[in-house]
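Thank you all for making the time this morning.

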Amino acid sequence: MGNYLNPTTVLDAYAKEYNSPYFVDKSMMLKELIPRIGTSMNDICITRPRRFGKSVMANMIASFFSRECKGADVFDTLKIANFNQYQEYMGKHDVIFISLNELPRKCRSYEQYIDRIETRLLHDLKQAYPKAVIEEEDAVWDALTAVFNAYDSKRFIFVLDEWDFIFHRNFVTEQDKKDYIDFLSNLLKGKAYVALAYMTGILPIAKYSSGSELNMFLEYTMVTEEMYSEYFGFTEEEVDDLYARFLQKQEHPMVTREGLKAWYDGYHTKQGERVYNPRSVVAALTNNNLGNYWTSAGPYDEIFYYIEHNTAEIRDDLARMAAGIPVPAKVREYAATSMNLTTKDEIFSAMVVYGFLSYENGCVRIPNKELMDKFDDMLLKESSLGYVYQLAKASSDMLKATLEGNTVKMLEILEFAHHTEIPLLSYNNESDLTALVNLVYLAARDFYRIEREDKAGIGYVDFIFYPEIDYGADGIILELKVGHTAEEALAQIKDRKYALKFEGKLGETPRYTGRILGVGIAYDKSTKQHSCKVQVLRDELSCFMK
């Protein structure tokens, strides 16, 4: 109907999602919102990283409630249609939907940005509600109050998408930010015409609204609040369903279910339910390719800027995380809004908010291969990271030496790593050695899917390197020992038949047809020396397959 009042464009946008082959029905969130309408708990703010479906949900909410969208053809087929209040609420409200990430042409100031919003909304209100006396100098909240009074207590559902977008523009000053917070407060706080206010963004409100301006909002974040978590990101069950659709559609599937988990899982709700990055999952299935669909811009680049300038503070923890070890951290999501991230906890908090890290049980970690690749790129480029950078650069030589069976070179790299000042490597147990191996084989992640403590043969193997680029390439089985010898590690690989893991399921043709290398790496605490041994296991694999 208008620019912001009951726009039919939101249904068009949601219908595109609905008609896509990998659509996931998240409509039951509407059931959660309906009881909030017209109550004192009707101000809701959802914050999530980019690409976690915030805008899709905003379009769904606006098009469901709007009396102009006529979305029955879509919503009658969704789960929400079975809700007993469905007919009572579907298409029965006036909705004000504003995408706050839209700029006017040649925008150079906050005044231009906010004037566009106010002008368009005032135009919509004047056209739709001619009985309301709206003066030229009225603010939008004055106009909305006039509509409320003239039209039998007319109330609106507000859907505001990407509320924090303006804070990332280089023309916005600190005073502009305060003015913007005041604008939202004047528009929404304590207003009789607000039936429901649903707002989305990346950054939490708390830091920007230091006073009481927006304290009416209840915030639901990925870290601190469980409610609504299942509606942002894909659950295990939903990815299972999407993958089944993919197999039906794709004549020559190149994406595995295990691959989706390795690449895009790693996030979770507060209660521990696994969550996948939705955009990346859909892109991988659409393209029939496991790849890096992460886009880096704006705040994402800023995070790496702060890493580069605070390497002494976070270098060792980055080494731990790159090695697959979770790191304790005090995550405070509001810290992400700081323009001067200086402490480790502030930087890690920002990385959780922007989706670079996941947070669980008091620890941060790199969630999946898609993000690990981003970290790998950084480790291989940032010389300011000191020994971590040096180990990352040496990892290509380590892989090459392993494939060639060059144990002399392997030992040289291991000793180099051990003699650097690496605080996490006390070598008190095999987990410390595991951390080192993760780092010195960093380059292998470009060519292999590396599984840790995978079930194989009789027992669990420390590492299996599955070739992902060339399935005829060498597979690697790596066993670690502290206080034992490399020969004992290699004997365990053979005795427990770990090579069976490359055989695949019963009746399947083996996927990996190249050599299988057994690699034993050990550390003797008494002599403080490493030992390593490489042996071709293909004969053993052939015997198992007969």
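Predicted model: local features only at pLDDT ≥ 70, side-chain atom pairs only at ≥ 80, totals over all residues.

By a cavity I mean, on a 1 Å grid over the protein atoms alone, a set of points where a 1.4 Å probe fits but cannot get out, whereas a pocket is an open set with protein on both sides within 12 Å along at least five of seven lines, and lining residues have an atom within 4 Å of a point. Grid points are joined across faces, edges and corners, and a volume is the space filled by probe spheres set on the points. By this rule there are two cavities of 30 Å³ or more. The lining of the second largest cavity consists of Arg48, Met222, Ser229, Phe232, His268, Thr269 and Val275, which divide into three nonpolar, three polar and one charged. In that division Ala, Val, Leu, Ile, Met, Phe, Trp, Tyr, Cys and Pro count as nonpolar, Asp, Glu, Lys and Arg as charged, and the others, Gly among them, as polar.

Turning to the open spaces, the second largest pocket has a volume of about 570 Å³. Its lining has 23 residues, and Glu17, Gly53, Val56, Pro278 and Arg279 lie nearest the centre of this pocket. Twelve of the lining residues are nonpolar, four are polar and seven are charged. Helices α1 (9–18), α3 (54–65) and α11 (278–287) each supply at least two residues of that lining; helices here are DSSP runs (H or I, at least four residues) and strands are runs of E (at least two), numbered from the N terminus.

For the chain as a whole, the secondary structure comes to 20 helices and 15 strands. Of the 546 residues, 55% are buried, where buried means under 20% relative accessible area, exposed over 50%, and partly exposed in between (1.4 Å probe, protein chains only).

What does the largest nonpolar core contain? A nonpolar core is a set of buried Ala, Val, Leu, Ile, Met, Phe, Trp, Tyr and Cys residues joined through side-chain atoms within 4.5 Å, and the largest has 64 residues, with Phe348, Leu357, Val364, Val440, Tyr441, Leu478 and Ile521 making the most contacts inside it. Helix α16 (residues 387–404) gives this core its largest share, seven residues. Apart from it lies another core, of 49 residues, including Cys107 and Tyr151.

Helix α14 (residues 344–353) is largely enclosed by the rest of the structure, because seven of its ten residues are buried. Those buried residues are Ile347, Phe348, Ser349, Ala350, Met351, Val352 and Val353. After α14 comes glycine 355, with a positive phi near 90 degrees.

Lysine 106 has a positive phi near 55 degrees and sits in the loop between β2 (94–99) and α6 (110–128), but lysine 106 is exposed, with a relative accessible area of 60%.

Finally, alanine 284 is found in helix α11, and at 0% relative accessibility this alanine counts as buried. Leaving aside neighbours within four places in sequence, alanine 284 is in contact (heavy atoms within 4.5 Å) with Val255, Leu260, Tyr264, Asn289, Leu290 and Tyr293. Its C-alpha atom and that of methionine 254, 30 residues away along the chain, are separated by 9.7 Å.

Methods: Residues numbered from 1 in each chain as written. Heavy atoms only, no water.
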